[in-house]
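Take a moment with the structure below.

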Amino acid sequence: MTPETMLEIINAVRGKDKADVVVENVNHAEPLAAAIFESRCLFEMLEKNARLDEIVEQISRKNKAAKRYEKVTGIKWPL
């Protein structure tokens, strides 16, 4: 993952922009989108001071999406 790609992903997670990322393989697109989506949901929950149980549940969702991304791409999800 290039530094430019990471910046695109970080901006998408923070809600500043949509991720304009080119994937190497069509099979990588959905796991990448899921990992970005779940990471963004977690970021938004932390921003709005959600309840701890909601945050823990979202962390589990994000981690599940991250593991799927890693399984499909061989690249560990950096967030």
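**A helix and its partners**

Helix 2 passes helix 3 in a left-handed crossing. A crossing is left-handed if the near helix is turned anticlockwise from the far one by less than a right angle, and right-handed if clockwise. Helices here are DSSP runs of H or I with at least four residues, numbered from the N terminus. This is a predicted model: local features need pLDDT of at least 70, side-chain atom pairs count only at pLDDT 80 or more, and totals for chains, interfaces and linings use all residues. Residues are numbered from 1 along each chain as its sequence is written, and side-chain values use heavy atoms, with hydrogens and water left out.

How do two packed helices get described? By the angle between their axes and the distance between the axes. Helix 2 and helix 3 pack at about 160 degrees, and their axes are 8 Å apart. Axes are lines fitted to C-alpha atoms, for helices over the stretch in contact, and angles run from 0 to 180 degrees between N-to-C directions. Helix 2 and helix 3 are therefore roughly antiparallel. That term covers angles over 145 degrees; under 35 is roughly parallel, 65 to 115 roughly perpendicular, and the rest oblique.

Now look along helix 2 itself. It covers residues 26-47, 22 residues in all. From first C-alpha to last it reaches 32 Å, close to the 32 Å expected at 1.5 Å a residue. The expected span is 1.5 Å times one less than the number of residues.

Which residues of helix 2 are buried? Among them are Pro 31, Leu 32, Ala 35, Leu 42 and Met 45. Buried means under 20% relative accessible area, exposed over 50%, and partly exposed in between (1.4 Å probe, protein chains only). The buried residues of helix 2 pack against helix 1 (3-13) and helix 3 (52-73).

His 28 also lies in helix 2. Its relative accessible area is 14%, so His 28 is buried. Leaving aside residues up to four places away in sequence, His 28 touches Val 23, Val 72 and Thr 73. Contact means heavy atoms within 4.5 Å.

Just after helix 2 comes Asn 49. Asn 49 sits in the loop between helix 2 and helix 3. Asn 49 is not a glycine, yet has a positive phi of about 60 degrees. At 67% relative accessibility, Asn 49 counts as exposed.

Finally, the rings. Phe, Tyr and Trp rings (for Trp, the six-membered ring) pair if their centres lie within 6.5 Å; planes under 30 degrees apart are stacked, over 60 edge-to-face, and the rest tilted. The count comes to one aromatic pair. The rings of Tyr 69 and Trp 77 have centres 5.2 Å apart and planes at 75 degrees, so the pair is edge-to-face. Tyr 69 and Trp 77 are both buried.

Key. Helix = DSSP H or I, 4+ residues; strand = E, 2+ residues; numbered from the N terminus.
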